[in-house]
Amino acid sequence: MASRTSNLKFFSLLISSFAIVQMAMAGDPDIISDFLLPANGTVDANFFTYTGFRVLVGGDPPTAFKVLKATLAEFPALDGQSVSYAVLEFPSGTTNPPHTHPRSAELLFLIDGTLEVGFIDTKNNLFTQTLQAGDLFVFPKGLVHFQYNADAQNPALAVSAFGSANAGTVSLPNTLFTTGIDDNVLAISFKTDVATIQKLKAGLAPKP
């Protein structure tokens with residue numbers, strides 16, 4: 001009987017271990033080759049090199065919040081590698097509005113400046129922090145989060161890593177107010193009037 005109990009405990013531990021490993025590996029589908037070939041079927045070292053961030057070296061700081069990405073769309077060699085990057089540039093007083101990444105957590109490293117960051121879990125708990133240069137902060141996969149440079153004088157610079165080559169971004173302001181959702185639906189949902197909703201939509205509309 002003792003042997004049977006021990007075997008069951010071992011089996012349970014083994015199954016739990018497999019589950020933990022699968023959770024840790026969750027993300028992009030696994031590939032069965034070293035890397036995925038491009039459409040033309042040939043590669044050299046240039047295929048594995050991305051130069052899109054060179055503009056950051058010696059470049060002028062932006063006047064509005066700016067994101068530079070190295071995802072599957074910009075860097076095809078990432079296909080199947082379950083990794084991508086983004087560089088976030090925050091002039092003083094700017095924000096990265098509330099948004100989600102449906103396919104990956106985000107690990108943010110603050111290189112320069114300060115940032116107010118936060119996310120909201122599925123129980124509507126808000127977790128906020130003031131980051132200093134050198135700090136890391138993780139935004140769990142799929143949860144609404146934001147970043148804000150509250151410093152009125154100094155910019156901030158951060159790098160974010162993702163466990164997917166295509167983490168995706170769903171911007172709450174754009175999703176709600178620029179995709180054609182009926183004004184009445186939004187007014188009822190936000191307990192306001194249609195005129196207010198129309199003002200919000202007008203403020204987010206592309207400038208001519």
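These are my notebook entries on what I looked up in this structure, which is a predicted model.

**Entry 1: the chain as a whole**

I began with the elements and noted that the protein chain has 4 helices and 10 strands. Reading from the N terminus on, I wrote down their order as α-β-β-β-β-β-β-β-β-β-β-α-α-α. I then looked up burial, and found that 26% of the 208 residues of the protein chain count as buried. The accessible surface comes to about 13,400 Å², and 61% of this surface belongs to carbon and sulfur atoms. For contacts between residues at least 6 apart in sequence, I noted that 67% join residues at least 24 apart.

**Entry 2: a sheet and its edges**

Which order do the strands of the open sheet of 5 strands follow? I read the order as 6-5-8-3-10, with antiparallel pairing. Strand 6 and strand 10 (170-171) stand at the edges, and each has a single partner strand, so one side of each is left without a neighbour in the sheet. As a reminder to myself, strands of a sheet pair through backbone hydrogen bonds, either parallel or antiparallel.

**Entry 3: the hairpin of strands 5 and 6**

I next followed strand 5 (residues 114-120) and strand 6 (residues 126-132), which run antiparallel and are joined by 7 bridges. I looked up I120 and found that its bridge partner in strand 6 is L126. The two strands form a hairpin with 5 residues between them, and in the turn I noted N124, which has a positive phi of about 65 degrees.

**Entry 4: the largest nonpolar core**

Which residues touch the most other members of the largest nonpolar core? Of its 16 residues, I found these to be L108, L110 and L115. The elements that give two or more residues to this core are strand 2 (84-90), strand 4 (106-112), strand 5, strand 7 (136-139) and strand 9 (156-162). I then took L115 by itself and, leaving aside its neighbours within four places in sequence, listed its contacts, among them F90, L108, L110, L131, Y148, A156 and A158. The contacts of L115 also include Q129, T130, Q147 and N149. For background I wrote that in soluble globular proteins, nonpolar side chains tend to be buried together.

**Entry 5: aromatic rings**

I counted the aromatic pairs next, and the count comes to 9. F35 and F48 form an edge-to-face pair, with 5.0 Å centre to centre and 80 degrees between the planes. Both F35 and F48 lie in the loop between helix 1 (2-25) and strand 1 (66-70), so the pair ties together parts that are 13 residues apart in sequence. Elsewhere I noted one aromatic cluster, formed by F119, F127, F137 and F139.

**Entry 6: the salt bridge**

How many salt bridges does the structure hold? I found 1, and it is formed by K201 with D183, whose closest N and O atoms are 2.6 Å apart. K201 lies in helix 4 (residues 194-204) and D183 in helix 3 (residues 183-189), so the pair ties together parts that are 18 residues apart in sequence. Are these two residues buried or exposed? I noted that K201 and D183 are both buried.

How values were computed:
Residues numbered from 1 in each chain as written. Predicted model: local features only at pLDDT ≥ 70, side-chain atom pairs only at ≥ 80, totals over all residues. Heavy atoms only, no water. Pairing = 2+ DSSP bridges. Core = buried A, V, L, I, M, F, W, Y, C linked by side-chain atoms within 4.5 Å. Buried < 20%, exposed > 50% of the residue type's maximum accessible area, 1.4 Å probe, protein only. Contact = heavy atoms within 4.5 Å. Phe/Tyr/Trp six-rings, centres within 6.5 Å; stacked < 30°, edge-to-face > 60°. Salt bridge = Lys/Arg side-chain N within 4 Å of Asp/Glu carboxyl O. Areas by Shrake-Rupley, 256 points an atom, 1.4 Å probe, with all protein chains shown as cover.
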